[in-house]
Amino acid sequence: MTYTLGDLAARYGCDLLGDPNIEISHFSTLDSGQTGSLSFFSSRSYVKKLRETKASAVIIRPDDIEHCSVGAIITDDPYLLYSKIVELLHPLRVINPGISESAAIEKNSNISDSCYIGPLTSISDGVKINENVYIGPGCVIHGDIEIARNSRLHANITIINSVKIGERTQIHPGVVIGADGFGNVKTLNGWKKINQIGGVIIGDDVEIGSNTTIDRGSIENTVIENGVRLDNLIQIGHNTVIGEHTAIASSAAIAGSVNIGKNCMIAGQVGIVGHIEICDDVRINGAAVVTKDIKKPGIYSGSIPFEDDKKWKKLVAKFKRSLTN
Amino acid sequence: MTYTLGDLAARYGCDLLGDPNIEISHFSTLDSGQTGSLSFFSSRSYVKKLRETKASAVIIRPDDIEHCSVGAIITDDPYLLYSKIVELLHPLRVINPGISESAAIEKNSNISDSCYIGPLTSISDGVKINENVYIGPGCVIHGDIEIARNSRLHANITIINSVKIGERTQIHPGVVIGADGFGNVKTLNGWKKINQIGGVIIGDDVEIGSNTTIDRGSIENTVIENGVRLDNLIQIGHNTVIGEHTAIASSAAIAGSVNIGKNCMIAGQVGIVGHIEICDDVRINGAAVVTKDIKKPGIYSGSIPFEDDKKWKKLVAKFKRSLTN
Amino acid sequence: MTYTLGDLAARYGCDLLGDPNIEISHFSTLDSGQTGSLSFFSSRSYVKKLRETKASAVIIRPDDIEHCSVGAIITDDPYLLYSKIVELLHPLRVINPGISESAAIEKNSNISDSCYIGPLTSISDGVKINENVYIGPGCVIHGDIEIARNSRLHANITIINSVKIGERTQIHPGVVIGADGFGNVKTLNGWKKINQIGGVIIGDDVEIGSNTTIDRGSIENTVIENGVRLDNLIQIGHNTVIGEHTAIASSAAIAGSVNIGKNCMIAGQVGIVGHIEICDDVRINGAAVVTKDIKKPGIYSGSIPFEDDKKWKKLVAKFKRSLTN
């Protein structure tokens, strides 16, 4: 699909610079620009790249157009407009309804005719899949599961036991939702497992990154509210609730029975211990260890940036000697 | 299945409060209690919930019965009794023997007739699966593998090369056992891979959480002893030994050739470097970095709790200036 | 396959000690040595084990032969020679060409006749697999994917969207390559997903550990250069470049648009924030948090080793009081 620069500017209500008949067929970075590509410029540190780009046009702020010698679409928020035009030029794949021949579908499942079910995917009795859902290859959807309209499970995903997934939610490969959490009670003969009987509720417009795990609740449900963003390799323990529009970056570990508010941003490798409450609008910086409730919106931190090893060793030695000072 | 409160009290040798004919059909939290549900009370911070619960009965300590206005089963350890009654009311699913039509079973495997093998699971020659084992959908069991009686591999699990798994062990989705560890030797032309030839031995009554990885030994075996509990997204390096009844929480990273004793508790995100020995009865708190042997039972720690970002930045600045003081 | 000690010494140009007719059929540790096994000795802390070993022979440094009472192959680098002989005695499995009956192969894929495709593996139109590639059971290879000669994807691996993989590369179970990265723009209505359109380029002689995730580039490609070693459960964010022969240990989290040079060694649990540049020949010790560029080769650190909990608590208290001193 090709658009002219004039089409694009008009569609998003922007001014343009240069020939409105310039044709745009795909997106590129400034570096890899070529005839027909559109790029975006949002950081002054790339002025040299902007000056040298071979892209046909650039999405740019009004203040930056002096550095631009190709076509331009002018906007105050190039990053947002980029997200819109990349969606226009590179939309999600169209869903071709149908069930792959090699999929294993049990009879008492309920799958809308408008869905696609990929090869070697297994769907058990009791699963309900609503309109226009894409289930990629190699998935396991077994149990009392319902997936709402327009959601996409890309490949090799495991959804088991009792799980509800909202509309337009995207789940990436290797994700496990609904497996037993870490429930054990100490006895004289070692650990006794506590059978887990809760489920997982995932809202609308959620995205869950590769190999992330979300445990079922121990009795009630683990809950991921609407609009949440989870990156890769994150642990969400049983009974935890993640509030609307909260985003969590890679490799964070959220223990069980944690309650995180809305619109929070939790950086990579953050650890949150069990039974913690975090209010709305909290930002937690990378690798912090959260050991008590956060009751006030704001920014919180907990990691010490690295140093040259010799200096670091001296700092650690001084820290450890501090008790005797 | 429904029990009367009297049945339950008698079965576990407990006193009861209220009408012994109260019928109990399922478990609930205090919050979500309803007619027919049993809940439990183990923390005084929930007294209000106890007073207001609509559960038919509650498992409770003798000291707390004054706050209880519904039926009660009285015990000194409500959490333990909860684990027993939840198992009674919500037992593990019964295994219906049989091999799913879509499973791919090689001829020279040896699978007991009492096992269940799920759809789209692949089992190779050389695999032996003993009585009453449940292998869920989408698993790969390939190599010189033996799985003892009554174990359950829930879904989408990979067991390869040379692995022995004990009795009553449960493994959750996405777990990888027996893959090559990180064995490399530096040469003038970069890294040379060291072929890995060992296996993995998993004991009885072990539980392994979703997406955890346990590498095969480089020459001998990696060993997970009886009763060990591993949470989700844990790395266990090659040749490592985890002693009986040790529990490790989510996202811990245990390097190769580590030897951890019995009855240890290792919290989330703990890192243990290679070739470390840790004795029995050690507890390591969250996100600690363990860089030398631990020879004495006790509690060890290594992370600094988070702070408000402004305060944290000052603390870090002070720490980094400490060398010049 | 059996070799004599004389054969092995001659093959690798080493002196030997003892009877050249000693027969060697397999590798063992010193502890588990037996008739026919070869072991290696590279650390003085195991002198006792060397003295007592029942292995038929040992790979050993010239300086250590006084402690050796069995046969020996003498070399300055026992670890390197071990890697070579273990490869000789325990080579990678021979690839038996063929496509398993239960694999789901779409018609417009292009698979060399010399490849093995395992059971229940799904390969889509558009995939090209070159000579002598091993694709184990349960894999999903879907999209615009090319895999070069002699590579091995062991089991249950997901490669999607747009990915190129070089020669002799090995990928372990549960790895996800090419899934969408964490691309979101904040709007008044919450997060808006940025469609990801880039791919992943993996070089020759790379090894990727179990359950590691490598996201596709947002516009261009994420790149793993030749000879890179990635351990288990590592996150590689979108657009990141890992330079030749760099090794990264388990559970490290590398954010997006990071550029890591050649010959770096990054230890377990290291976190690297987005848009960081790291030059060649950098070593980063365990659990360090890297928050700014590294422009000078060398060793860098950032974690404080654990302590006994009582001592640690005092250290933390002192650290937190430091502002008021």
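Reader: By what turn and shift can chain B be laid on chain C?

Author: By a turn of 120° and a shift of 0.0 Å along the axis, with an RMSD of 0.0 Å. The superposition is by least squares on the C-alpha atoms of residues with pLDDT of at least 70 in both copies. The two copies are thus related as by a three-fold rotation axis. This is a predicted model, in which local features need pLDDT of at least 70, side-chain atom pairs count only at pLDDT 80 or more, and totals for chains, interfaces and linings use all residues. Residues are numbered from 1 along each chain as its sequence is written, while chains are lettered from A and ligands numbered from 1 in the order in which they are written.

Reader: How many residues does the contact take from chain C and from chain A?

Author: The contact takes 49 from chain C and 53 from chain A. Several elements of chain C each supply at least two residues of its side, among them strand E15 (140–147), strand E37 (298–301) and helix H4 (309–321). Helices (H or I, at least four residues) and strands (E, at least two) are DSSP runs, numbered from the N terminus. That side of chain C has 24 nonpolar, 19 polar and 6 charged residues. Nonpolar means Ala, Val, Leu, Ile, Met, Phe, Trp, Tyr, Cys and Pro; charged means Asp, Glu, Lys and Arg; the others, Gly among them, are polar.

Reader: What makes strand E38 of chain A and E37(C) a pair?

Author: Two strands pair if DSSP finds at least two bridges between them. E38 (residues 307–308) of chain A and E37(C) have 2 bridges, so they pair, in the antiparallel sense. The bridge partner of A:Glu307 is C:Ser301.

Reader: Why is A:Asn150 called buried?

Author: A residue is buried if 20 or more other C-beta atoms lie within 10 Å of its own, exposed if 12 or fewer, and partly exposed in between; C-beta atoms are placed from the backbone. A:Asn150 has 20 within 10 Å, so it is buried. A:Asn150 sits in the loop between strands E15 (140–147) and E16 (152–153) of chain A.

Reader: How do you know that C:Asn211 counts as buried?

Author: C:Asn211 has 30 C-beta neighbours inside 10 Å, so it counts as buried. Its phi is positive, about 60°, although C:Asn211 is not a glycine.

Conventions:
Two residues are in contact if their C-beta atoms, placed from the backbone, lie within 7 Å.
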